[in-house]
Amino acid sequence: MRKKIIAGNWKMNMTYEEGQKLTSEIVQMAKDENLDGVTLVLNPPFPHLYVVKKLIGGTSNIFVGAQNCSDKESGAYTGEVSAPILASFGVDYVIIGHSERREYFKESNELLATKVKQALAAGLTPIFCCGESLDIREAGTHEPNVKYQLTDSLFDLSAEEISKVVIAYEPIWAIGTGKTATAEQAQEMHYALRKHLASKYGKEVADSISILYGGSMKPSNAAELLSKPDVDGGLIGGASLKSRDFIDIAKSY
Ligand SMILES: O=C(CO)COP(=O)(O)O
C-alpha cells in the first residue's frame, strides 16, 4: 500500500512564534482527531526545522522536511545547507525541484538529479516536484514535458533508490493562483507519470511510489482530488499555514 502523505510547504512564511504556534496546533489536532492513517510532513524555512522537530516529539505520523538542500555534500558554499546537515538535525524529508526554485533560482534538471542523490545518500526522503507552465498546458504538450522532467532528474537512480522518492505533480498554473487542476486532470497526469515510472522500473516499483498533487489544494477541493486512485496525497502551500485548513485537508482522506 502506498503511503498517504499530506505535506505543508510553508515557503518563505512564518516567524519563529508563528511557526511554533502552527506546529503545536497541528500536533494537537492530529492527536485529537485521530489522523494516524495519514503521514503529515511540515516543511518550514530552515531556521524552524530544529524546533518544529522538537515540537513534533514522538508523534509517529508527523515528520519534518526542508524546502531545499545543496547539491554538494559539504565545504565552502556560503549560504547553502547540505543534506547531511539536515539529516543530523533529525530532518526526514526534503522538497527538491519546486517550480519556484526552478524559475527564480534557475535550478536545472541536471542539478536536481544531483540534489536527489545527495538527499538519498543522507537518508532523507526527497519530495521531487515536477509540473508544467500554462503555455505548455495550453499547447497540449504537458504530458511529455513533465515525463521528461522525471527522466532527466530521476532515471539514473536504481529501482531501490527511486522507491524512496516521493513525487509531487504541481502544475505551475495552479500554484498560488486559486485555480486548481480538476480531479480528472490530476488523475490523468498522475496515471501517466506512474506509467512512465513503470516503463523504466516495472509496475511493482511504480505502484509503490506516492505521487502527491500540489496547486491550490484546500479543504473544499481536497476530498475530490484525493479520491482519485493515483493521487496519493497533497503538497499544500497557502492552506498549510492555517492549522485548521491543513488538518481538514488531511481529514478528507
Ligand atoms: O506550491 C505549492 C506547494 O508546494 C502549492 O501552493 P498553493 O497551495 O499555495 O497553491
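Where is Gly237 found? Gly237 sits in the loop between strand S8 (233-236) and helix H12 (243-251). Helices (H or I, at least four residues) and strands (E, at least two) are DSSP runs, numbered from the N terminus.

A word on the model. It is predicted: local features need pLDDT of at least 70, side-chain atom pairs count only at pLDDT 80 or more, and totals for chains, interfaces and linings use all residues. Residues are numbered from 1 along each chain as its sequence is written.

Back to Gly237. Gly237 counts as buried, with 23 C-beta neighbours inside 10 Å. Buried means that 20 or more other C-beta atoms lie within 10 Å of a residue's own; exposed means 12 or fewer, partly exposed is in between, and C-beta atoms are placed from the backbone. Setting aside neighbours within four places in sequence, Gly237 is in contact with Asn9, Lys11, Ile175 and Gly176. Contact means C-beta atoms, placed from the backbone, within 7 Å.

Now the record. UniProt, in an unreviewed entry, annotates a "binding site" at Asn9, Trp10, Lys11, Gly176, Ser216, Gly237 and Gly238. These residues span 230 residues in sequence, yet no two of their C-alpha atoms are more than 13.8 Å apart, so they gather at one spot. UniProt positions follow the numbering used here, feature names are shortened, and annotations may be inferred rather than shown by experiment.

Take Trp10. Trp10 lies in the loop between strand S1 (5-9) and helix H1 (16-32). Is Trp10 buried or exposed? Trp10 is buried, with 21 other C-beta atoms within 10 Å. Beyond four places in sequence, Trp10 contacts Asn43, Pro44, Pro45, Ser240 and Leu241.

Next, the ligand. There are 14 residues around the ligand, and Asn9, Gly214, Ser216, Gly237 and Gly238 come nearest. To be near, a residue needs its C-beta atom, placed from the backbone, within 6 Å of the molecule or strand. The shell divides into five nonpolar, eight polar and one charged. Here Ala, Val, Leu, Ile, Met, Phe, Trp, Tyr, Cys and Pro count as nonpolar, Asp, Glu, Lys and Arg as charged, and the others, Gly among them, as polar.

On to the second annotation. The unreviewed UniProt entry places "active site" at His98 and Glu170. They span 73 residues in sequence, yet no two of their C-alpha atoms are more than 8.3 Å apart, so they gather at one spot.

His98 lies in the loop between S4 and helix H4 (99-104). His98 is buried, with 28 other C-beta atoms within 10 Å. Not counting residues up to four places away in sequence, His98 touches Gln67 and Cys129. Glu170 lies in the loop between strand S6 (166-169) and helix H9 (183-201). Glu170 is buried too, with 27 other C-beta atoms within 10 Å.

Finally, the strands. In a regular strand the side chains alternate between the two faces of the sheet. In strand S4 (residues 93-96), Tyr93 and Ile95 lie on one side and Val94 and Ile96 on the other, all buried. In strand S7 (residues 211-214), Ile211 and Tyr213 point one way, Leu212 and Gly214 the other way, and all are buried.

Which strands does S7 pair with? S6 and S7 pair in the parallel sense over three bridges. Two bridges join S7 to S8, which run parallel. Pairing requires that DSSP finds at least two bridges between the strands. Gly214 has Leu235 as its bridge partner in S8. And Gly214 is one of the residues that come nearest the ligand.

Conventions: Two residues are in contact if their C-beta atoms, placed from the backbone, lie within 7 Å.
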